[in-house]
Amino acid sequence: MNLKKMAGYEAAKEVKDGQIVGLGTGSTTHYFIEKLGIMIKEEGLEIMGIPTSYQSFFLAKNCNIPITTLEEHDLDIAVDGADEVDPALNLIKGGGAAHTLEKIVDYSANQFIVIVDDSKIVETLGKFPVPVEVVPQSLRTVTKKLEDMGGIPKIRMAERKDGPVITDNGNFVIDTDFGLLKNPSQLEIELNSIPGVLENGIFCNATNNVIVGTPDGIKRI
Ligand code: 5RP
């Protein structure tokens, strides 16, 4: 049973004709976008998508989903994956380094649905290091500040390119291990107040709707 596919396909049921849909990034959202493409082809669903990364842009194009932008439309609904979800539905995102645009799109939607498999549900956020997108020139100063805050920062390295990951916005990502997060909403704000930080992967108070694929079927929290 593919739990990510279950969650992605379930979320697609929430999308209505005429809606502007935020298209998240990652392997779970892949199935959501795929299913929207099937609904457009087989059921005549009429929507427009706003992608959160080159990955979701190219996938949406392949699935024949018409694309628009935040300049042209407000978002009715956004669907996105997550790396961790806590009981208050706070999230860590950014495993695919797309969290800056994801945050802009997801927070601006009338309805934001998170799709995960059950491995992403945690008691406390923080096993997954917090992704922090930084302007390249600020790497050293931000790294020092993250250490001063008690974090263990590590620049994310690319796998099939020499050197660091470069985000869709042309920046670096510093994955920072803060241990378990006692106060994620405060940390979210503190990180964004460091000069050079563009955005971090903590998403507090962003959603009240999480669809979880589990071996026993879909659960909603
Ligand atoms: C990308 C993200 C993803 O949504 C998150 O990493 C989850 O990915 P996946 O569905 O592949 O586990 O935040 O920046």
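## Ligand shell and aromatic rings

An oxygen atom of the ligand lies 2.7 Å from an N or O atom in the side chain of Asp-83. That is a polar contact (a pair of N or O atoms within 3.5 Å). The model is predicted: local features need pLDDT of at least 70, side-chain atom pairs count only at pLDDT 80 or more, and totals for chains, interfaces and linings use all residues. Residues are numbered from 1 along each chain as its sequence is written, and side-chain values use heavy atoms, with hydrogens and water left out.

| Residue | Part of the residue | Distance to a ligand oxygen atom |
|---|---|---|
| Asp-83 | side chain, N or O atom | 2.7 Å |
| Asp-80 | side chain, N or O atom | 3.5 Å |
| Ala-97 | backbone, polar atom | 3.5 Å |

How much of the ligand does the protein cover? On its own, the ligand has 380 Å² of accessible area (Shrake-Rupley method, 1.4 Å probe). The protein covers 92% of that area. Helix 2 (27-43) and helix 4 (99-108) are the elements that give two or more residues to the shell. Around the ligand there are 18 residues (a heavy atom within 4 Å). Thr-25, Ser-27, Thr-28, Asp-83 and Lys-120 come nearest. By class, the shell has 9 polar, 6 charged and 3 nonpolar residues.

Now the rings. The structure holds 3 aromatic pairs (ring centres within 6.5 Å). The rings of Tyr-54 and Phe-58 have centres 6.3 Å apart and planes at 20°, so this pair is stacked (planes under 30 degrees apart). Both residues lie in helix 3 (residues 54-62). They are 4 residues apart, about one turn of the helix. Tyr-54, Phe-57 and Phe-58 form one aromatic cluster.

Which residue lies over the face of Phe-203? Lys-93 does, at 5.7 Å from the ring centre. For Lys, a charge over a ring needs NZ within 6 Å of the ring centre and within 35 degrees of the ring normal.

Last, the whole chain. With 221 residues, a compact globule would have a radius of gyration near 17 Å, and the chain's 17 Å agrees. The rule is 2.2 Å times the number of residues to the power 0.38, with the radius taken over C-alpha atoms.

How values were computed. A polar contact is a pair of N or O atoms within 3.5 Å; within protein, one must be able to donate a hydrogen and the other to accept it, and residues adjacent in sequence count only if both atoms are side-chain atoms. Ala, Val, Leu, Ile, Met, Phe, Trp, Tyr, Cys and Pro count as nonpolar, Asp, Glu, Lys and Arg as charged, and the others, Gly among them, as polar. Rings of Phe, Tyr and Trp (its six-membered ring) pair if their centres lie within 6.5 Å; planes under 30 degrees apart count as stacked, over 60 as edge-to-face and the rest as tilted.
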